[in-house]
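I wanted to look up the annotated site and the aromatic contacts in this one. My notes are below.

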Amino acid sequence: MKLLLVVACALIDADNRVLVTQRPEGKQLAGLWEFPGGKLEAGERPEPALIRELAEELGITVKEDCLAPLTFASYAYPEFHLLMPLYICRRWQGTVVSREGQALKWMRPGKLRDLAMPPADEPLIPPLIDLLGA
């Protein structure tokens, strides 16, 4: 089974809300809510990949020392096994905007369970609640 490494980020605003984005139509798992991030390119480390993805998807600039690893998900989809580290980030430059037409929501960690999310994202919620409260 193919191993797919994807990196994700919980952007946390001043009110301890977390940003989630909705997967656009035409993509696998379209309509589900997830943490922003994406696939690593060949030879790319997780932190630079996440910095690149956040710039591409949300138009923000993040410095590597502003990323802190929190937890990870390991999930077997039928076609591949996903390994996804989740970083938290409280500081970035710029304003978060939808650069790929995806819907965005800032949510309290305890409310994330109310959203339809990919199964690999669901185990990432409890560590965020432990860190930030519900």
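This is a predicted model: local features need pLDDT of at least 70, side-chain atom pairs count only at pLDDT 80 or more; totals for chains, interfaces and linings use all residues.

Residues are numbered from 1 along each chain as its sequence is written, and side-chain values use heavy atoms, with hydrogens and water left out.

Entry, annotated site. I found that UniProt's unreviewed entry puts a "binding site" at Gly 37 and Glu 57; such annotations may be inferred rather than shown by experiment, the positions follow the numbering used here, and feature names are shortened. The two are spread over 21 residues of sequence, yet their largest C-alpha distance is 8.0 Å.

I checked Gly 37 and it is buried, at 15% relative accessible area (buried is under 20%, exposed over 50%, partly exposed in between, with a 1.4 Å probe and protein chains only). Glu 57 is buried too, at 9%. Leaving aside neighbours within four places in sequence, Gly 37 is in contact with Val 7, Ala 8, Leu 50, Glu 53 and Glu 57 (contact means heavy atoms within 4.5 Å).

Entry, rings. I got 3 aromatic pairs (rings of Phe, Tyr and Trp, its six-membered ring, with centres within 6.5 Å; planes under 30 degrees apart are stacked, over 60 edge-to-face, the rest tilted). Tyr 75 and Tyr 77 have centres 4.7 Å apart and planes at 65°, so they are edge-to-face. Trp 92 and Trp 106 sit 6.1 Å apart by their centres with planes at 15°, so that pair is stacked. I also noted that Tyr 75, Tyr 77 and Phe 80 form one aromatic cluster.
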